Every structure is written in C-alpha cells, then in structure tokens.
Amino acid sequence: MITFDHVTLTYAGKHVLDDFTYSIPTDRITCLHGPSGCGKTTLLRLIASLVRPTSGTIHGLPIKPALLFQEDRLIPHLSAEDNIKAVLPAERAHESMDWLRKVGLADDAHLRPRELSGGMRRRIALARTLAYRGDFLLLDEPFTGLDADRVEQMAALIRETGTPALVVTHSKHEIALLGGTLLPLSGPPLTIL
C-alpha cells in the first residue's frame, strides 16, 4: 500500500492536497477518475517523487516506478526504436523491437517522433514505459489519441504485464477495459468521493 498520511501540497498559495489521508493498493490496477484539475496528475507526481509534500508523509512508495506522462516526452532526435532502447540496460536492448511489435509499430522503428502521428507517439511512449519494467506503473491518460481498437489492445497489453498500476483516466470504459478498481476524485483540494 502507498499511504498518504495527512499530506498537504501547496502550489502558488493554493492547496492541491489538504491534510489528505488515504491508502492506494499496490497489488492491482487502480484508476483515478475525476474532473480536470482535481489533482490526479499531482498524485502521480508525488508517488514518483517528482514533487514533495508541503507537509505530511507518504509511506510505501515504489522502489522503481515507471511513469507515463500526459505528454509523450519522446526524445526528438532518436528513432522510435532508440526511444525504447533509451530506458533499457544494454543486455536488454534487443527487447526494443519486441515492444514495438506489441504496440503495432515494428515497421516504423526507424522513424523519429516528428514523423509519427500523435497516436503512434503515444504507443511508443507506452511501450517505453512498460519496457522499463518498473515495479509500479503510473500512467497519466495512457490512451490519449488512440482509436477504440487501439485502446482495447493497449489496455490488454497493460493488463498482460501483471504490473500493478495507478492510471489516470476520464473514461469509465477504459477503467472497465483495464479491469481497474475505481477511485473517484474531486477537488482541488483533492478529495476521495
């Protein structure tokens, strides 16, 4: 369990979290669902240790989280394959093509991000996150820009990894595809409904 114990986080004088206490399971897929701006992404950033709480403590943080940002954050001068290789140790570099096949982009391995559609970039970013083999996935709107068939394929791929995850989504259909436990939120400040 990742446990938030009386966590407050303030940005520019506004409370994003205010005395927030809650435990998130780390043995399954949990889906965060709530309106834009309620603090879902902030929760992921806290778990990834990209930001620190203003006060309070967080226990049980993953040792090796794998974070998929809302933006694809691909390295512009690298090919699709090399973007995946960038997170792999040398002895696992050969896995990059396997991951491209899994997301349906093996034929596009040589292309750079600017040569790919938004949905293709998103699939490469997801493949890179999964290839990293983190102990906990933090996925911020992982299916942005994907059509319905691709969403189903990528949700199946996430489930197949067997890695527990915290997924930000605005879609109850995506929650059903992931088989995730729903955590409905509102805010700011972030509140569990």
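Me: What share of the accessible surface of the protein chain belongs to carbon and sulfur atoms?
Reply: The model is a predicted one, and its values are computed from the coordinates. The accessible surface of the protein chain comes to about 9,000 Å². Of this area, the share that belongs to carbon and sulfur atoms is 51%.

Me: How many helices and strands are there in the protein chain, and what is its radius of gyration?
Reply: The protein chain contains 6 helices and 9 strands. For 193 residues the globule rule gives 16 Å, and the value for this chain is close to that, so the chain is as compact as a globular protein of that length. The radius of gyration is 17 Å.

Me: Of the contacts between residues at least 6 apart in sequence, what percentage join residues at least 24 apart?
Reply: Of the 193 residues, 49% count as buried. Among the contacts between residues at least 6 apart in sequence, those that join residues at least 24 apart make up 70%.

Me: Which strands are at the edges of the open sheet?
Reply: The open sheet is formed by 6 strands with mixed pairing, in the order β5-β6-β7-β3-β8-β9. An edge strand here pairs on one side only, and this applies to residues 65–68 and 191–192.

Me: Which residue in β9 is the bridge partner of S186?
Reply: Strand β8, residues 181–186, pairs with β9 in the antiparallel sense over 2 bridges. In β9, the bridge partner of S186 is T191.

Me: What angle does the direction of helix α1 make with that of β6?
Reply: Helix α1, residues 40–47, packs on the sheet and touches β3, β5, β6, β7 and β8. Its direction and that of β6 (136–140) make an angle of about 150°.

Me: How are the rings of F4 and F20 arranged?
Reply: F4 lies in strand β1 and F20 in strand β2, so the pair ties together parts that are 16 residues apart in sequence. Both residues are buried. The ring centres are 5.5 Å apart and the planes stand at 75°, so the arrangement is edge-to-face.

Me: Is Y22 buried or partly exposed?
Reply: Ring pairs link F4, F20 and Y22 into a cluster. The rings of F20 and Y22 have centres 6.4 Å apart and planes at 35°, so that pair is tilted. F20 is buried at a relative accessible area of 5%. Y22 has a relative accessibility of 29%, so Y22 counts as partly exposed.

Definitions and conventions: Residues are numbered from 1 along each chain as its sequence is written. This is a predicted model: local features need pLDDT of at least 70, side-chain atom pairs count only at pLDDT 80 or more; totals for chains, interfaces and linings use all residues. Side-chain values use heavy atoms; hydrogens and water are left out. Two strands pair if DSSP finds at least two bridges between them. Helices (H or I, at least four residues) and strands (E, at least two) are DSSP runs, numbered from the N terminus. Contact means heavy atoms within 4.5 Å. Axes are lines fitted to C-alpha atoms, for helices over the stretch in contact, and angles run from 0 to 180 degrees between N-to-C directions. The radius of gyration is taken over C-alpha atoms; the globule rule is 2.2 Å times the number of residues to the power 0.38. Buried means under 20% relative accessible area, exposed over 50%, partly exposed in between (1.4 Å probe, protein chains only). Accessible areas come from the Shrake-Rupley method with a 1.4 Å probe; for residues, only the protein chains shown count as cover. Rings of Phe, Tyr and Trp (its six-membered ring) pair if their centres lie within 6.5 Å; planes under 30 degrees apart count as stacked, over 60 as edge-to-face and the rest as tilted.
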